[in-house]
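Biologist: I have a model on the screen and some questions about it. Shall we go through them one at a time?

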Amino acid sequence: VLSFGARPAVEQLPERESAFAGLRASHDTTASDLGAALRLALELVPEGRPARIVVVSDGESTGEDPLAAAREARRRGID
């Protein structure tokens, strides 16, 4: 689970048996770097492993263009 504002943060890594405790990171909410968050998500998924990325966003992105990261996810077969 990642959260992001001006920068992304890892909230919780996958674990076999764990409950999500909620979002805890503090963020600069004047920015929304979706591209950096997608890149971090891709870094956390080993090459060749199936995965999905679910984004909950207001639709605004103020950081790097997320299109390159989205294309990389598609290339890797990540939905």
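Modeller: One term first: a residue is called buried under 20% relative accessible area, exposed over 50%, and partly exposed in between. Keep in mind that this is a predicted model.

Biologist: Are R75 and E47 buried or exposed?
Modeller: The exposed label needs over 50% relative accessible area. E47 has 56%. R75 gets the same label as E47: both are exposed.

Biologist: How far apart are the closest N and O atoms of R75 and E47?
Modeller: R75 lies in helix 2, while E47 lies in the loop between helix 1 and helix 2, so the pair ties together parts that are 28 residues apart in sequence. A salt bridge needs nitrogen and oxygen within 4 Å. R75 and E47 form one, with their closest N and O atoms apart by 3.6 Å.

Biologist: Which residues are linked with E47 in a network of salt bridges?
Modeller: E47 pairs with R75. The side chain of E47 also meets R76 in a salt bridge, at 3.7 Å from N to O. E47 sits in the loop between helix 1 and helix 2 and R76 in the segment after helix 2, so this pair ties together parts 29 residues apart in sequence. Linked with E47 in the network are E72, R75 and R76.

Biologist: Is R76 buried or exposed?
Modeller: The cut-off for buried is under 20%. R76 has a relative accessible area of 18%, so R76 is buried.

Biologist: What is the N to O distance between R52 and D79?
Modeller: R52 is exposed at 67% relative accessibility. D79 is exposed too, at 59%. Their side chains meet in a salt bridge, and the N to O distance is 3.5 Å.

Biologist: Is I78 buried or exposed?
Modeller: I78 is in the segment after helix 2. Its relative accessibility is 7%, so I78 counts as buried.

Key
Residues numbered from 1 in each chain as written. Predicted model: local features only at pLDDT ≥ 70, side-chain atom pairs only at ≥ 80, totals over all residues. Heavy atoms only, no water. Helix = DSSP H or I, 4+ residues; strand = E, 2+ residues; numbered from the N terminus. Buried < 20%, exposed > 50% of the residue type's maximum accessible area, 1.4 Å probe, protein only.
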